[in-house]
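Here's a quick walk through one protein model, written for someone who likes to look at contacts and pockets. Have the viewer open as you read.

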Amino acid sequence: SSGINAEWPLRPGRQWQKDILMNQEVIAVDQDPMGKQGVRVYQDAKKKHEYWSRELADGSYAVVMYRRDSSGLPKPYTATFKQLMIKTKTAHVRDLFTHMDLGVYTDGITATLPPSGSCKMFKVTPIKSQF
């Protein structure tokens, strides 16, 4: 893990900038003791969106869905667990930016991303089969 860097002055920074830098859930991913680096696990052919995944020490995964495309309206994107290299059929999903539990997802995650280099970050905790 490494420090989080900002390329703008912190004072008198905007509130959204402070919210990003002081987000305890994102910092916990950054400082995860497993120390694994995130890996780009998917990029579309036109390089307009990509998915990143990182295994965490508690057996969950940090996932980032990133949209490079700067044109158009918000679009839904779906990342399957297979694309994210998460070996599960179902998982608990938490949005790390909104601090909301999104519930149990099957086969993957769908998120709507606005244009212009936007992203969403999730914590995905696989549900172990009871069989």
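Predicted model: local features only at pLDDT ≥ 70, side-chain atom pairs only at ≥ 80, totals over all residues.

**Cores**

Let's start on the inside. The largest nonpolar core has 17 residues, and the members that touch the most others are Val63, Met65, Leu84, Ile109, Phe122 and Val124. Strands do a lot of the supplying here: S3 (61-67), S4 (75-80), S5 (90-95), S7 (108-113) and S8 (118-126) each put at least two residues into this core.

Val124 is a handy one to click on. Skipping its neighbours within four places in sequence, Val124 is in contact with Ser60, Tyr61, Val63, Phe81, Ile86, Ala91, His92, Val93 and Ile109. There's also a second, separate core of 6 residues, with Val26, Val29, Leu56 and Ala62 among them.

**Salt bridges**

How many salt bridges does the model have? The count comes to 9.

| Pair | N to O distance |
|---|---|
| Lys36 and Glu55 | 3.0 Å |
| Arg68 and Glu50 | 3.0 Å |
| Asp58 and Lys123 | 2.9 Å |

Take Lys36 and Glu55 to begin with. Lys36 sits in the loop between helix H2 (24-30) and strand S1 (39-43) while Glu55 is in strand S2 (residues 49-55), so this pair ties together parts 19 residues apart in sequence. Lys36 is partly exposed at 41% relative accessible area, and Glu55 is partly exposed too, at 27%.

Strand S2 also holds Glu50, whereas its partner Arg68 lies in the loop between S3 and S4, so that pair ties together parts 18 residues apart. Is Glu50 buried or exposed? Glu50 is buried, with a relative accessible area of 2%, while Arg68 counts as partly exposed at 41%.

Asp58 counts as exposed at 53% relative accessibility, and Lys123 is partly exposed at 26%.

Beyond those pairs, Glu25, Arg94 and Asp101 are linked in a salt-bridge network.

**A pocket**

Last stop: the second largest pocket, with a volume of about 230 Å³. Which residues line this pocket? The lining is made of Trp16, Asp19, Ile20, Asn23, Gln24, Phe97 and His99. Helix H1 (residues 15-21) gives the largest share of that lining, 3 residues. By class, the lining splits into 3 nonpolar, 3 polar and 1 charged residues.

Note on methods
Residues numbered from 1 in each chain as written. Heavy atoms only, no water. 1 Å grid on protein atoms, 1.4 Å probe; cavity = no way out; pocket = protein on both sides within 12 Å on 5 of 7 lines; lining within 4 Å. Points joined across faces, edges and corners; volume = space filled by probe spheres on them. Helix = DSSP H or I, 4+ residues; strand = E, 2+ residues; numbered from the N terminus. Nonpolar A, V, L, I, M, F, W, Y, C, P; charged D, E, K, R; others polar. Core = buried A, V, L, I, M, F, W, Y, C linked by side-chain atoms within 4.5 Å. Buried < 20%, exposed > 50% of the residue type's maximum accessible area, 1.4 Å probe, protein only. Contact = heavy atoms within 4.5 Å. Salt bridge = Lys/Arg side-chain N within 4 Å of Asp/Glu carboxyl O.
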